[in-house]
Amino acid sequence: MSEADVLPARPAPALFDRAPAFLRSEPAVLAAMLVTLGVYYMVPNVAAKALGGLLFFALTLYRPNLHLAMVPLAAPLFYRQQALLGDRLFFPLAEVVILTGIAAWVIRDGWGLLRTRNLPNLKEWLRHPAVWLAFALAVIGVLALFVVPGGEDRRVALREFRWTVVEPVLFFALMLRWLRTERDAWRIVGAWLIAAALVGREGVEQFLFGETWRMEGVGRVSSVYPSATAFGIYLGRPLALGIVLAFFLPGKWLAWRMGSALLSVVIGLGVLFSFARGAWIGVFVALVVVALLTRHRWLMGAIGAAILAGVAALPFINVTRITSAFDFSTEDNTGVARARIWSAALRIIADHPITGIGQDQFLRQDPSYGVPQTRFFLTSHPHNWILDFWLRLGAPGLLWMVAALAYFFHQAWQLWKAHKGTALGALALGLIAAMIDFVVHGLMDMAYFTMDNALSFWLMLGLVVILKRGLSDQAAYP
């Protein structure tokens, strides 16, 4: 009898033997990041906040590529800032996440530089036009600060510069540094759709339980946002993306197709109950353009059915929020109100055609320009991205945005043509749809200059740059 015959069989590894591998896995690290970030954000005790923040930093240092998924999850909470040190300091959660990522990046690459004495390969970064676009926006933003006279106006401009220029550009840099695999790209896409669905669900709950504010005969929901319009602006872009993914992902991506469809239903209900007509128009135009580009029969059929149903129902609709869009006899009509705002903005631009007036200064202009303040909120922006960039960042800022959009659509179009029929092709097409919503809705409302909107813009641009650069199947993160 051999030794093998008398020795007992080796027992299967116990559960606790597999625990270390599980704790290092992607789901476990992501869950731990969510928990520690939640402790930081939601627990009022300063010591608990510090502990949550430190643990989140440690996890970011360990897996910086996973940390990036927290940015789109935190972005909708821009208007729900938590106080630090009593009520003296307020920081948006997305700002904390981004700065944590930058600190971890400095430590990781700084330590690597000390060990190897090898300087980073800057040529890889500098050859990307999008990097130069990011650098140009930072320079234009700094120059725009000198347009603002000083005092409280300068502090307001600096705050917006921090939230809409510096930190979104840093987020873009983090994406270029850490998103290397296809899994990395899809993770951040999924985080964006889930974040939109979560705030959309909150809006649906508000509608069902009557927690709305009345306007023109309807109850509008705002979720975690200060207004239904801001809520609709945020949701439009991920809704366009989610619908396109549901239609165009290949068959073997069934789980993603179903997930995108279900999340789009929740996001779409949020957009619907916001009664933000600009969001409706932006998503509709985005889907029409995609349908015309692809000649997709099912999407064209769905759009055609929606148009026929809308036209047939229009004579029977007696909702002021909808019918008022066609009534130009009152100053509360959206078109009339927008025309007055645009006229005032053009008068300001005529006096400051090159430099603009600086960031977040529209509300502070001389009343003689005739900026209307007749609706529910003070008019703090010109409700048009062309006028907004021109006013805040001057003519260089407007030229920058035109160049950035041209670059985005050119790169995304090439990506879609190169990967048509694949998952990456569907993602490129979805990003095109999301950016079309940005452009179209932004012609009649805010487009960029809040932190959540700025981050969504750089998320779209960053994904296109990363997809164009190429992704590997596996990547180490030294």
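## Lining of the largest cavity

In this predicted model, the largest cavity is lined by V71, P72, A75, F171, W192, Y234, D452, L455, S456 and L459. Two elements each supply two or more residues to this lining, namely helix 6 (70-74) and helix 20 (451-469). Helix 20 provides the largest share, with four residues.

Sorted by class, the lining comprises eight nonpolar residues, one polar residue and one charged residue.

## Cavity count and volume

Across the whole structure, a search returns two cavities of 30 Å³ or more. The largest cavity holds about 50 Å³ of space.

## Nonpolar cores

The largest nonpolar core contains 132 residues, of which W400, Y448, F457 and W458 touch the most other members. The greatest contribution to this core comes from helix 19 (residues 423-442), which gives 15 residues. Another core, of 11 residues, lies apart from the largest one and includes A344, A345, I349 and I357.

## Surroundings of W400

Which residues are in contact with W400, once neighbours within four places in sequence are left aside? The contacts of W400 are L133, A136, L137, I140, F389, F457 and W458. Two of these partners, F457 and W458, are themselves named with W400 among the residues that touch the most other members of the largest core.

Terms used:
Residues numbered from 1 in each chain as written. Predicted model: local features only at pLDDT ≥ 70, side-chain atom pairs only at ≥ 80, totals over all residues. Heavy atoms only, no water. Core = buried A, V, L, I, M, F, W, Y, C linked by side-chain atoms within 4.5 Å. Buried < 20%, exposed > 50% of the residue type's maximum accessible area, 1.4 Å probe, protein only. Contact = heavy atoms within 4.5 Å. 1 Å grid on protein atoms, 1.4 Å probe; cavity = no way out; pocket = protein on both sides within 12 Å on 5 of 7 lines; lining within 4 Å. Points joined across faces, edges and corners; volume = space filled by probe spheres on them. Nonpolar A, V, L, I, M, F, W, Y, C, P; charged D, E, K, R; others polar.
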